[in-house]
Amino acid sequence: MNPASDEKSRADHDDGREILGEEQALCDRVVAHLQARRPSKPPPRVGDEQALLTLRDQVAVSRLEDVPALIAQMEQVAAIAGQRGQGTDEPVDPKSPYFGHLRLFEEGRGTRDVLIGKTTYVEPKAGVRIVDWRHAPVSQLYYRYEEGSPYEEEFGDREVVGKVLARRTVTIVDGALHRISCPQGTFVRRTDGRWRTLLAQQTLLAGGQGTAIRPDHMRGVLGVGGSGGDQREDRHLPEIAALLDPRQFEVISKPDSGLVVVQGGAGSGKTTIGVHRMAYLAYQSRARFAADKMLVIVGTPALRDYISQLLEALELALVRVATFTTWATELRKKNFDWLEVATDDGTPVEVSRLKTDPNLLPLLERRARGYVREGRNSPEDALWLWAEVLTDLESLKRAILRVPNPRLTEEQLERAWRHCSERCPAVAEWSPSERNVDTEGAPIEGADGASEQDDERALLDPEDDALLLRAYQLVCGPLSTAARGQPKRKSVRFEHLFVDEAQDLAAVDLCVLADVVTDQKSITLAGDTAQRLHLDTGFATWAEVLSSLKLDHTSVEPLKIAYRCTKEVLEVAREVLGPLVDPEAPVAPRSGAPVEHHAFPSQGAAAAFLGDVLRPLFAREPRATVAVLARYPEQADAYYDALRVAEVPNLRRVRHFDFAFRPGVEVTEIRQVKGLEYDYVVLVDVNASSYPLDDEARYQLHIGATRAAHQLWLVTSGTPSPLLPGRLVDGDD
């Protein structure tokens, strides 16, 4: 046995015993004090606002020499009110009074213990100093400095200099100490009351730098050499050969193979296949598959930017990449250029379900055939077709309700119909003939003149863009690239279409897109029904949606290999889906770090823990990519603010899909990271309140978890979500 090693083990053990003793004694003393105290009722006082108004009135009638004193008093009242506004009326909870413990040595004040909690409570006689982690200046020391570090800060007009003697993060539940994290180790109380020490790996993000695929990994163009542009002997990029078996590659690489469906779970290479198929087609026929003759449709601006970088690396930078919403709105405004009505984003759920129901398409097509027979083939007629279909209640009932498992009840359908009956006629009144103007807005000779269009009911829903474009296609023919009368007006036609995350589009969306592709119908659809962000699009199964398109298709077998996620991450992601999971599990060729659940009593404690982990991570792995993902923006804001105070390097708050695609920590919501991947992912506030037992929460949690290429942590700051695997939650004891 090594004497030096044995001596170190004894020293570590002694340190642990001393820390456990100190923290247990401190916890017992604080909890006992809080349980015994009787909060005094504050004396009644005049409201600050009323006091300011009274002083203001006195200033107006006072002598000039008295005004300065009154103004000074007003400033004092305002300052006190401001300080009250920063605090909180929330009492300290004896069951979980604090989560951080600082022992400070400050020049001129000596040594003192400061506790970090969710609210401020200071009682010097009892030796209890708890400060609010969000507002108290001294809490900055907890987030910014490590144990043993000297500090120098300015708190207001006072400069403080000292040293952090001890810095510990604790978890107190029901008044009992359960966990202590500090540089000497992490100690967790077992259910039998004994303490155990966690291994260092269990509280460490490590070893994953560069695991996630990034746009700069895609270099060169298919079939072209690196420097001289000579034709490569292989002509197949290694990325595609690695992802596809020979039969799948044979289907993908046929220029005239029609509609190709790429099905696969998170990280199986769907996006990579889609962009490489475009590169392959462009290599085979540069004239036909020129950049301006191909279109990529995606679900989010983040995925748009990501794929744009992939295409640039494949020398296809001029290919248009757009979200369906942006693309459809742009074309609706060009083909109905006189329809100057606003779009209301607050569509009721039942209206969204009606307007995206696949069974609405046959009804639209039947009515359109009647319009064409009658010679009604103008954009105005397309508008009236849209309004007529959505306001015919009996036809809607036959189309929507008389099918197996309808998406709407009769009551919901009637509510949606009332919504449409109020808005659609008001929108239809915008047609030029109704306004007595020509298509360019000029009054028609002999008519009474343009009518006023101030009907507040004339509003579109976001789902109407696709329906209007489909009505136009059925009645008028191909969509146009410009408004009528413009010299460069021509039909919208593409030789190849790639739709990524197709499961988030409605059948009518896909029909509109399929109709802008030339007769060869060179289309690639990629998607995964387990990664649905929107549950009201009517996308139930691939079979149903493909039947709506009425196209011959070659369906690629589901991709069996999950290249992004490790076995450990994939297992948890599938467990989260519960009854929604595909019974056939994909193959994950890599193993990695175990998925961990870290439980804390509050956001502040969780953020402090993450700050301690992320700072050293970037010292070891400066090119790592980390996502801190919340379900709601308010949660992401709270963690970003705390991590910023903790001085985590390369920290970015992504609010509007403005991802940097470079190393660092990006704090955002799950809905924004669809299609992206990171070396490390930390899902925060995975609590029962944020992720209840419903399908939408399952999909959100699954999407967030499967962004991780190397390591996944699940962090709770309250009651854990019932969607979390029990083995992870129970393993915390």
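This is a predicted model: local features need pLDDT of at least 70, side-chain atom pairs count only at pLDDT 80 or more; totals for chains, interfaces and linings use all residues.
View 1. Cys 420 is buried, its relative accessible area being 1%. Another cysteine, Cys 27, has a relative accessibility of 0% and likewise counts as buried. Over the structure as a whole, the number of disulfides is 0.

**View 2. The chain as a whole, as a setting for the close-ups.** The chain has 733 residues, of which 51% count as buried, and its secondary structure consists of 23 helices and 23 strands. Among contacts in the chain with a separation of 6 or more, 71% are made by residues 24 or more positions apart. The accessible surface amounts to about 33800 Å², and carbon and sulfur atoms contribute 49% of that area.

**View 3. Helix H17 and its buried residues.** Helix H17, which spans residues 507-514, has 8 of its 8 residues buried, so the helix is largely enclosed by the rest of the structure. The buried residues are Ala 507, Val 508, Asp 509, Leu 510, Cys 511, Val 512, Leu 513 and Ala 514.

**View 4. The largest nonpolar core and the surroundings of Leu 525.** The largest nonpolar core comprises 72 residues, and those with the most contacts inside it are Trp 327, Leu 339, Trp 386, Leu 513 and Leu 525. When residues up to four places away in sequence are not counted, Leu 525 touches Leu 259, Val 260, Val 261, Val 262, Val 499, Ala 502, Leu 510, Trp 542, Leu 546 and Leu 549. In soluble globular proteins, nonpolar side chains tend to be buried together.

**View 5. The buried face of helix H19.** In helix H19, formed by residues 567-577, the buried residues are Val 569, Leu 570, Val 572, Ala 573, Val 576 and Leu 577. Seen down the axis of H19, these buried residues fall within an arc of 165°, and they therefore line one face of the helix. An α-helix has 3.6 residues a turn, so residues three or four places apart point the same way. The elements that cover the buried residues of H19 include helix H22 (695-705), strand E23 (708-716) and helix H23 (726-730). Just after H19, Gly 578 adopts a positive phi of about 55°.

**View 6. Ser 139 in helix H4.** Ser 139 belongs to helix H4, which covers residues 139-144, and with a relative accessibility of 3% Ser 139 counts as buried. If neighbours within four places in sequence are left aside, the residues in contact with Ser 139 are Ile 116, Val 131, Asp 132 and Trp 133.

**View 7. His 178 in strand E7.** His 178 is found in strand E7, which runs over residues 176-182, and at 30% relative accessibility His 178 counts as partly exposed. Leaving out neighbours within four places in sequence, His 178 is in contact with Thr 171, Val 173, Phe 187, Val 188, Arg 189 and Trp 195. The C-alpha atom of His 178 is separated by 9.6 Å from that of Gln 24, although the two residues are 154 residues apart along the chain.

How values were computed:
Residues are numbered from 1 along each chain as its sequence is written. Side-chain values use heavy atoms; hydrogens and water are left out. Helices (H or I, at least four residues) and strands (E, at least two) are DSSP runs, numbered from the N terminus. Buried means under 20% relative accessible area, exposed over 50%, partly exposed in between (1.4 Å probe, protein chains only). Contact means heavy atoms within 4.5 Å. Accessible areas come from the Shrake-Rupley method with a 1.4 Å probe; for residues, only the protein chains shown count as cover. A disulfide is a pair of cysteine sulfur atoms within 2.5 Å. The arc is that of the directions from the helix axis to the C-beta atoms. A nonpolar core is a set of buried Ala, Val, Leu, Ile, Met, Phe, Trp, Tyr and Cys residues joined through side-chain atoms within 4.5 Å.
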